[in-house]
Amino acid sequence: MIAAMGSNRVIGKDNDIPWHLPDDFKFFKDTTKSHYVIMGRKNWESLPAKLQPLPNRTNIVITRQADYKAPGAIIVPTLNAAMKIAKEAKEEEAFVIGGGEIYRMALETSNRIYLTEINEDFDGQVTFPEFDKTEWKETSRVHHGTDDQHEFEFDFVTYEKNLH
Ligand SMILES: NC(=O)c1ccc[n+]([C@@H]2O[C@H](COP(=O)([O-])OP(=O)(O)OC[C@H]3O[C@@H](n4cnc5c(N)ncnc54)[C@H](OP(=O)(O)O)[C@@H]3O)[C@@H](O)[C@H]2O)c1
């Protein structure tokens with residue numbers, strides 16, 4: 001999974017992301033480039049037209065609507081179906097890219113979380129799920145300070161699921 005959240009776990013407001021942090025967006029782009037990206041229908045709809053589909057990535061959209069159209073993306077009815085497609089294509093690291101409903105579903109089967117932890121509370125209805133810190137180990141943390149393009153400080157954090 002890859003996500004960015006505020007200190008109160010908020011990740012989204014009114015089908016948008018409530019901050020603008022270009023270096024986090026760049027991190028997302030660099031990390032997911034040429035990989036499979038798996039997202040919920042609402043996340044897909046929140047993307048600006050020029051990023052539908054997210055370029056240089058295989059986009060998979062999860063929806064219960066059998067007749068849903070998302071030009072440039074593969075449509076699937078379940079997370080399992082998405083993972084099966086990525087596995088069959090020999091993808092080594094498929095990314096679940098949100099939003100909240102999809103992160104909640106994916107927490108159990110995921111084994112790594114790239115989480116940008118922003119040092120600020122935000123207004124918003126959508127949150128990143130709580131996860132058990134005894135089950136997940138922090139393996140990396142890189143700090144990013146504020147500057148004229150980054151109003152809030154944040155950390156790029158990686159968590160790995162304990163495999164025993
Ligand atoms: N900060 C971040 O890192 C980040 C990342 C991504 C998104 N976001 C934000 O997150 C928000 C969107 O998140 P969200 O929780 O509202 O929506 P979402 O997770 O993107 O999508 C929800 C949709 O996924 C489909 N779905 C959910 N569970 C399903 C299941 N079990 N089987 C089949 N389909 C299922 C349904 O589509 P249908 O209704 O079509 O059936 C559901 O309406 C936006 O504000 C976005 O900007 C933030």
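Lys-90 follows α3, and its phi is positive, near 65°. Keep in mind that this is a predicted model.

What sits over the buried residues?

Look at the pairs one by one. β3 and β4 are parallel and share five bridges. Within that pairing, Ile-38 has Ile-60 of β4 as its bridge partner. On to β3 and β6. They also run parallel, joined by two bridges. Here Val-37 is bridged to Phe-95 in β6.

How enclosed is β4? Four of its five residues are buried, so the strand is largely enclosed by the rest of the structure.

Next, the core. The largest nonpolar core counts 35 residues. Ala-3, Met-5, Ile-38, Phe-95 and Val-96 have the most contacts inside it. Take Ile-38 as the example. Which residues does it touch, once neighbours within four places in sequence are left aside? Ile-60, Ile-62, Ala-82, Ala-94, Phe-95, Val-96 and Ile-97. Two of those names have come up already.

Now the ligand. How many residues surround it? The shell holds 28 residues. The closest are Gly-12, Gly-40, Gly-98, Gly-99 and Gly-100. Which elements supply at least two shell residues each? They are β1 (2–5), β2 (10–12), β3 (36–40), α2 (41–46) and α4 (100–106). By type, the shell has twelve nonpolar residues, eleven polar and five charged.

Stay with those glycines for a moment. The peptide bond between Gly-98 and Gly-99 is cis, with omega about 0°. Gly-99 sits in the loop between β6 (95–96) and α4. And Gly-98 and Gly-99 are both among the closest residues to the ligand.

There is another cis peptide bond, between Gln-52 and Pro-53, again with omega about 0°. Pro-53 belongs to the loop between α2 and β4, which is residues 58–62.

Some backbone points to check on screen. Most residues other than glycine have a negative phi, and most peptide bonds are trans. Asn-56 has a positive phi, near 60°. Where is Asn-56? In the loop between α2 and β4. Buried or exposed? Asn-56 counts as exposed, with 10 C-beta neighbours inside 10 Å.

Arg-9 has a positive phi too, near 75°. Its place is the loop between β1 and β2. Arg-9 has 17 C-beta neighbours inside 10 Å and counts as partly exposed.

Two more residues, to give a sense of distance. Phe-28 is in helix α1, residues 22–32. It counts as buried, with 20 C-beta neighbours inside 10 Å; the cut-off for buried is 20 or more. From Phe-28 to Val-61, the C-alpha atoms are 18 Å apart, and the two are 33 residues apart along the chain.

Then Asp-147, in the loop between β9 (136–144) and β10 (154–161). It is exposed, with 9 other C-beta atoms within 10 Å. Its C-alpha lies 26 Å from that of Ile-113, and 34 residues separate them along the chain.

To close, go back to Ile-38. It is among the residues with the most contacts inside the largest nonpolar core, and one of its contacts is Ala-82. That's my tour.

How values were computed
Residues are numbered from 1 along each chain as its sequence is written. This is a predicted model: local features need pLDDT of at least 70, side-chain atom pairs count only at pLDDT 80 or more; totals for chains, interfaces and linings use all residues. A nonpolar core is a set of buried Ala, Val, Leu, Ile, Met, Phe, Trp, Tyr and Cys residues joined through C-beta atoms within 7 Å. A residue is buried if 20 or more other C-beta atoms lie within 10 Å of its own, exposed if 12 or fewer, and partly exposed in between; C-beta atoms are placed from the backbone. Two residues are in contact if their C-beta atoms, placed from the backbone, lie within 7 Å. A residue is near a molecule or strand if its C-beta atom, placed from the backbone, lies within 6 Å of it. Ala, Val, Leu, Ile, Met, Phe, Trp, Tyr, Cys and Pro count as nonpolar, Asp, Glu, Lys and Arg as charged, and the others, Gly among them, as polar. Two strands pair if DSSP finds at least two bridges between them.
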